[in-house]
Amino acid sequence: MRGFSDFGYSYVYVVFDEGTDLYWARSRTTEYLASVIPRLPDGVKTELGPDATSLGWVFQYALVDTTGKHSLADLRSYQDWYLSYYLRSVPGVAEVAPIGGYTRQYQVNLDPNRLRAYGIPVSRVVEAVRGGNSESSGRLLEFGGTEYMVRGRGYARSLEDFENIPLSVSESGSQIRIKDVGHVEMGPDLRRGLADLNGSGEAVSGIVVMRNGENALDVIDRVKAKIKEIEPGFPPGVKLIPIYDRSDLIHNAIGTVKTTILEVAVTVALIILVFLWHFPSAAIPIVTMPVAVLLAFIPFRMMGISANIMSLAGIAIAFSELVDASIVVAEQTHKKLELWEKAGGLGDRRKIVLAAIKEVAGPTFFALLVIAVSFLPVLTLQAQEGRMFRPLAYAKTLTMVAAALLAITLDPALRLFLNGIKRFEFRPEWLCRVANALLIGKVRSEESHPISRHLIRVYEPVVRWTLRWKWFVIGAAVALMILTVPVFFRLGSESMPPLDEGAIFYMPTTLPGISIHQAEQLLQVSDHMLSQFPEVDHVLGKAGRAETATDPAPLSMLETLIVLKPHSAWRHVDTWYSAWAPEWAKSLFRHITPDTISTEELVGQMNEALKIPGVNNAWTMPIRGRIDMLTTGLRTPVGLKIAGADLQQIQAIGTEIESLLKAVPGTRAVLAERTAEGHFLDLQWDREHLARYGVSVEDAQRVIENAIGGENVTTVVLGQERYRVNVRFQRDFRSDIGSLAAIPIPAGGQRQLTLSDLAKISISTGPAMIRNENGLLTGYVYVDVAGRDPGSYIREANQLLRDRIKLPAGYSVSWSGQYESMQRATERLKLVVPITLFLIVLLLYFNTRSVPKTIIVLLAVPFSAVGALWFLYFAGYNLSVAVWVGLIALLGIDAETGVFMLLYLDLACAEARREGRLNTLDQLREAIVQGAAKRLRPKFMTFATTCVGLFPIMWATGAGSDVMKRIAAAMVGGIFTSFVLELLVYPAIYEVWKWGLHPHGVQADQSSTPLGLQPVESAGSD
């Protein structure tokens, strides 16, 4: 529970557990609130905020007058009483929050000298204004069979109506009206927020807040359709300029992922076609990919998973793994048909195909099942990381489950069907040749394949060398794994990877006490400077709060939304290809090395340009910033919370922390909230003097409320518009302490005293804004980290604070922001990953029925860790939830590659044993070479589809690509080293295992049965 108390308003935010029904939570909150309301001070009103959060700020616009005929008050009135009603009627919109401009107010400004001369107290004016603006009803009257509703029309319609309200009668009998003791004018209401557009001056802005649980893209489309519908009715010269439109980010991100999926699919299909060189066999895995995805969409729909950036990213990652089973089955079928044709083609071709499928169907099914199970830890993530990555995990897991089912259903059926087709004989001859080539084709052996032949020629002497020097190879692999351990500890850590949102969120903070006019000047200067950067499209700044419960920002907090142009319009920098590459080549090289400044460089330049005295800068992205503020209350990714009983002590601790953190490398800016430095003008009543003159504290306080602050006593109704009426003294009589001291206070009858007679006026400091979390007073320290990963920064800074800060009893300091989500994800993964590993081991054992084989398969895990960690290190990626998702996905792929490698070694040994060629070490080595080198094509194809198939993700640019790259980076590096080390080390380990158990021959060793399956008899033996 988090509370904020600022001038004139307070907010209480109740944060519920993930998965709690929002409307049940609102109902329970209302029940508890009902018991609290009677204990609140008089005049305090409570209301429940909208069913939305600040994360629902999906569309923001500005109203601009191109003619110069409409004032800010006119624009704000149109925004409040017309435009917002239209937009709030759009399905999915919770509210439209206005900010900027002036809210009109009828102001009754009184002259205290005239009031004193006529002997009229302020309270009498307040009562007269309230009574002079009301209507009544006389029920019904009937005349001539028609009923008439009786109305007393007493609403004031103009300034003159208020000026003519009577107050009293003078001694001469003349009426004393409001215009005799002051004047009435139209002015601005009290403001706690303002907006600026591009540094050109104050603007009127509106924020469309989406209802919780709605689809942002659908809501924005409906809002834009409504704007287009009502645009002809705008006041002349008024235009609505969209500033922030989240649908642009959504379309860009989904477009990036769709393009990547297409590139992955094409890459995988080309690999299959090139290596199999047999269209009927290649068509089956190619068909498997879209069918598996389409089948997965059925449970997607049932579970309510939309086609968002993360679910599509899960499909993109899974695409390269969907065809592994089909590839293994196709290769095994090719091998069996090749041997069958060499033996004379005796027997039924379909039985040969069926026998080949039976040999590998079990292991391939289990391999795909392991990949699906390996993603279970991602489904257990909580809070924001869970909401972000669960759709990815569901998408990948369901797609892999569909692929596993297709591997034992559709794949065998298609394979038997295509292999049963007889050669065509018809005319024209060229069409017949095309039909035979596409539907029947010729099965090429690995030795005759133009690519496989060269791969085998290179790999065979390598595998023979590894068998001769097996202990050296095994030792080198162990040494490489040991050398990788320090790399892991040198990787940085962060909670979530950066997402290029196409906009920057600049949130400077000033010290408490800044006036709204000073905030306006500061906002206009900073916005103007930002708009001068050539990469910037629009700048919309906000100081203070918008009129919504989703925005508790104080006036000292500025928020500037910087909408950027497309990267192609950014400033260019020299790269290794700038001087010589033609334009078409540059478009390719930009995927590797961008030739424009980076977002980090742009933010650094902006930060240097905006070093304004008294202002502390903080930079983030709009959605990321909203998530941080929503989940932790902080507006920077990293920060601290100080809890205790006294705000002065909390501020002292915060300023000490601020001074220490400035020296920590990576600190771009740090600011401790000045929780006790608000400025106050205190009126301390002298109770003895009040009693002497018979003035109650309540009467004296009411004069202060009416004369200085001004009380909104009634409301003017002008059609649909509503404006408040305020009564107070004229500005000259309340602009300084001397004027305040002379404010008259009635003391019975015609006698009036001054404020200085009854109270002491003094200036003091105190809490400008009170924060409370879980019942404790809290202060924040905001830290803007740059050029360093948050994980290492927090570790170093935390050690410094532990050594240097001595906390009083009852006070605590805790890290917040990304640290909370990092700790939460780490603790959850520590629990779930071992359980998942146990399930993987269990599945592998059920498949292999052998403890040694299970251990050999699991050796792929450390093999892949070598490449994954080194790749992350050289790519400059920190360990984040996205990287861990990639590492978790790598577990299943490791098991799959290990299973396939061991499968072909076992098949080769089983064949040698049946033929009596497994009695000596040389014969065992020949069998291993046969299984490793002679069956290289299926292993290389599975490697190429899973590793090379992910290259388009690493190649991708645009919104959403950063997250996918961090997932794919660990997979690409890990798959590569796992494949290389398995090719080199697995044969050596396999020989050690086989010959170590049976040094006098392995002819009778039944464990050579492929992965624990029963041997399949040759289908052509009958």
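Modeller: Ala, Val, Leu, Ile, Met, Phe, Trp, Tyr, Cys and Pro count as nonpolar, Asp, Glu, Lys and Arg as charged, and the others, Gly among them, as polar. This is a predicted model, in which local features need pLDDT of at least 70 and side-chain atom pairs pLDDT 80 or more, while totals for chains, interfaces and linings use all residues. Residues are numbered from 1 along each chain as its sequence is written, and side-chain values use heavy atoms, without hydrogens and water.

Colleague: What makes up the lining of the second largest pocket, by class?

Modeller: By those classes, 28 nonpolar, eleven polar and five charged residues line the second largest pocket. Helix 29 (818-848) is among the elements that give two or more residues to this lining, and with ten residues helix 29 has the largest share; a helix is a DSSP run of H or I with at least four residues, a strand a run of E with at least two, both numbered from the N terminus.

Colleague: Why is one space called a pocket and another a cavity?

Modeller: On a 1 Å grid over the protein atoms alone, a cavity is a set of points where a 1.4 Å probe fits but cannot get out, whereas a pocket is an open set with protein on both sides within 12 Å along at least five of seven lines; lining residues have an atom within 4 Å of a point. The structure holds five cavities of 30 Å³ or more.

Colleague: What is the volume of the largest cavity?

Modeller: The largest cavity has about 140 Å³, where a volume is the space filled by probe spheres set on the grid points, joined across faces, edges and corners. Its lining has 14 residues, with W57, Q60, F505, L561 and R626 nearest the centre.
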